[in-house]
Amino acid sequence: MTPLAYLTLFAAAFGAATIVPGFSEAVFTTLLLEHAGDWVTLLVVASAGNTLGGVANWLLGRFLLHWQDRRWFPVSRRRLDQASTLFQRYGYPLLLLSWVPIVGDPITVAAGVLRARFLPFLALVLIGKTVRYAVIAWVILEGLQPGT
């Protein structure tokens with residue numbers, strides 16, 4: 001597989017976790033179907049990109065909140081308020097759901113706004129996002145097995 005394929009996957013995963021609408025799962029699945037033997041590397045690249053996208057959201061919440069009314073800001077005020085309420089109620093374990101579409105991005109921004117400690121944030125977001133891609137890989141790879 002070419003370095004460009006890995007870069008494309010990383011960029012798709014990063015973007016999907018930030019302000020760029022997209023479905024990194026489609027890129028991940030396509031590459032996985034074409035290069036099933038390289039599933040571990042694909043899992044690592046997708047997880048790293050998506051996690052770093054979550055870190056970008058944390059940084060937006062932590063340091064750039066005064067730009068929240070800008071068009072490019074990834075989370076509406078309403079979603080951010082909802083996510084902040086959830087994060088205050090459920091705390092760090094909520095970050096395991098950072099991969100969930102529509103809900104995940106506001107959760108990671110809210111974690112930044114609420115000044116969540118970075119290392120626990122990073123660990124939980126990495127776990128949640130990696131498990132999501134691992135489940136996708138498992139489903140795809142099981143479907144590729146003869147006789148299934």
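Helices here are DSSP runs (H or I) of at least four residues, numbered from the N terminus. The model in these close-ups is a predicted one.

**Close-up A. Arg77 and Asp81 pair up within helix α4.** This salt bridge puts the closest N and O atoms of Arg77 and Asp81 2.7 Å apart. Helix α4 covers residues 77–90, and because the two partners sit four residues apart in it, about one helical turn separates them. Arg77 is partly exposed, with a relative accessible area of 40%. Asp81 is partly exposed too, at 34% relative accessibility.

**Close-up B. Arg132 reaches Glu25 in a salt bridge.** Here the N to O distance is 2.8 Å. Arg132 belongs to helix α6 and Glu25 to helix α2 (residues 24–34), so this pair ties together parts that are 107 residues apart in sequence. Arg132 has 9% relative accessibility, so it counts as buried, the cut-off for that being under 20%. Glu25, with a relative accessible area of 22%, is partly exposed. With a salt bridge taken as a Lys or Arg side-chain nitrogen within 4 Å of an Asp or Glu carboxyl oxygen, the count comes to two.

Close-up C. Trp138 is found in helix α6, which spans residues 118–144.

How values were computed
Residues are numbered from 1 along each chain as its sequence is written. This is a predicted model: local features need pLDDT of at least 70, side-chain atom pairs count only at pLDDT 80 or more; totals for chains, interfaces and linings use all residues. Side-chain values use heavy atoms; hydrogens and water are left out. Helices (H or I, at least four residues) and strands (E, at least two) are DSSP runs, numbered from the N terminus. Buried means under 20% relative accessible area, exposed over 50%, partly exposed in between (1.4 Å probe, protein chains only).
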